[in-house]
Structure formats: structure tokens, C-alpha cells
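User: Hi! I'm new to this one and would like a quick tour. Could you walk me through it?

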Amino acid sequence: MPDSSPPENDFGPRRRHLAGHDEPESGFCGRGPRGRRGPRMFESGALRYAVLRRIAEQPRHGYELIKAIEEQSGGAYSPSPGMIYPMLSMLEDLGFISASAEGARKLYAITPEGEAFLEENKAFADAVEGRMSARGARCAGAVRGSMHALKEAVFAKIRGQSLSDEQIKKAEAILNRAAKEIQAL
């Protein structure tokens, strides 16, 4: 089985400290006991491979990258803008992507250097893709649909009427009880 750990020096000595700034996954499938975050979707520095792969598919804006990664993971992981935009700047500084102004937004495209980087690290990039897809498959289906239905019901109730403090506490208790029961599964 190929080694799927990230190459040591792929960002050079000045960039190595940036490699560990991936955030843990978010969303239902990422929660562990007592609401703690579960295992990371991306190990140290791996998010850059998912970002480069999405840009290699087609030029994208930052928000489109967030949504594409969220979709690839089946909603199990959605990187924050605070993760994506600094990473895009770093990848641009490294010459792996280029940005062109499109109104108030930037459109990012992969460069030949970025394509070469992905090709050189194909095994690790494939492992990242596989992990995202596997996590997405586990979180998809009825559970994910039910989770979204619950969220919509809660927001509809909140938006639809002015709730008393007692009703808010009751809704909070129901949600907390449901979370505890699911964690106990």
C-alpha cells in the first residue's frame, strides 16, 4: 500500500509551519462523545491537496472551493473561509495557483507548477480524496436527511413566531437530549 503521509518538504522550510493549520472536520459526522470533535478529516497540511484538486478540475472562487469540498465530503466537512483564503494566498505565493480579478472576487486557476506538485504527490492526493469520499458516504443518506429536516424545523419555529424563554429552554432540552441519545449509540 503506498505511503499516504504528506511529503516532509513539499512547502519548503519557510512554509512548514503552515502545514499544520487544517481545522478539524465539522458537522454531525465529526462529533465525538460529549460534543467533542472527532478525528480530523484532514491530517496536517492535507487540505491543500483537496483545494488544488478542486482548482485543477476547473478554475474556482474561494466560496466555490468551500462548497465543492463540502459536497465531496457529503457534508461531513466544510472548511471555513479562515482556512481557505489564507491557503489560497499561500498556494499562490508558492506558484501552484494564479488568481485573476473577476469583479470583487478572485478566480483561482492551477499553474503548471501546481499540476506538477499534484502529480508528484499523487498517492497522497488520492488518499485525501478517498478519505473525503468515504466520510461523505458514511454521513449521507437517511441520517443526513433527518439532520437537515431537524435543522429546518428548528429554524422555521424560531423564525415563525416569538418564542417565550420557557419554549426556548424546552427546545434546547429536546436537542440536547437527542444529541446525548445519539452519542450513546
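This is a predicted model: local features need pLDDT of at least 70, side-chain atom pairs count only at pLDDT 80 or more; totals for chains, interfaces and linings use all residues.

User: Good to know. How many helices and strands are there in the protein?

Analyst: The protein has 8 helices and 2 strands. Going from the N terminus, the elements run α-α-α-α-β-β-α-α-α-α.

User: And what share of the residues is buried?

Analyst: Buried residues account for 31% of the 185 residues in the protein. As for contacts, take those between residues at least 6 apart in sequence: 63% of them join residues at least 24 apart.

User: Let's look at the strands. How do β1 and β2 run, and how many bridges join them?

Analyst: They run antiparallel, and 6 bridges join β1, residues 97–102, to β2, residues 105–110. Within that pairing, I97 stands opposite I110, and S100 stands opposite L107.

User: What about the turn of that hairpin? Which residue takes a positive phi?

Analyst: That is G103, with a phi near 70 degrees, in a hairpin that has 2 residues between the strands.

User: Which residues have the most contacts inside the largest nonpolar core?

Analyst: L47, V51, L52, I55, I69 and L88 do, in a core of 27 residues. The elements giving two or more residues to this core are α2, α3 (62–72), α4 (81–93), β2, α5 (112–120) and α6 (122–139).

User: You listed I69 there. What does I69 touch, leaving out residues up to four places away in sequence?

Analyst: I69 touches L47, A50, V51 and R54, and also Y77, P79, I84 and M132.

User: Now the loops. Where is R60 found, and is R60 buried or exposed?

Analyst: R60 is in the loop between α2 and α3. R60 counts as buried because its relative accessible area is 11%, and the cut-off for buried is under 20%.

User: So which residues does R60 touch?

Analyst: Not counting residues up to four places away in sequence, R60 touches R54, I55, L65, A68, K106, L107 and Y108. L107 is the β2 residue that S100 stands opposite.

User: What about A76, where does A76 lie?

Analyst: A76 lies in the loop between α3 and α4. A76 is buried too, with a relative accessible area of 1%. A76 and S133 are 57 residues apart in sequence, and their C-alpha atoms are 9.7 Å apart in space.

User: Which of them gives the most?

Analyst: α8 does, with 6 residues. The lining includes L150, V154, K157, L163, E166, K170 and I174.

User: How does that lining split by class?

Analyst: The lining of the second largest pocket has 7 nonpolar, 1 polar and 3 charged residues.

User: Great, thanks for the tour!

Key
Residues are numbered from 1 along each chain as its sequence is written. Side-chain values use heavy atoms; hydrogens and water are left out. On a 1 Å grid over the protein atoms alone, a cavity is a set of points where a 1.4 Å probe fits but cannot get out, and a pocket is an open set with protein on both sides within 12 Å along at least five of seven lines; lining residues have an atom within 4 Å of a point. Helices (H or I, at least four residues) and strands (E, at least two) are DSSP runs, numbered from the N terminus. Ala, Val, Leu, Ile, Met, Phe, Trp, Tyr, Cys and Pro count as nonpolar, Asp, Glu, Lys and Arg as charged, and the others, Gly among them, as polar. Two strands pair if DSSP finds at least two bridges between them. A nonpolar core is a set of buried Ala, Val, Leu, Ile, Met, Phe, Trp, Tyr and Cys residues joined through side-chain atoms within 4.5 Å. Buried means under 20% relative accessible area, exposed over 50%, partly exposed in between (1.4 Å probe, protein chains only). Contact means heavy atoms within 4.5 Å.
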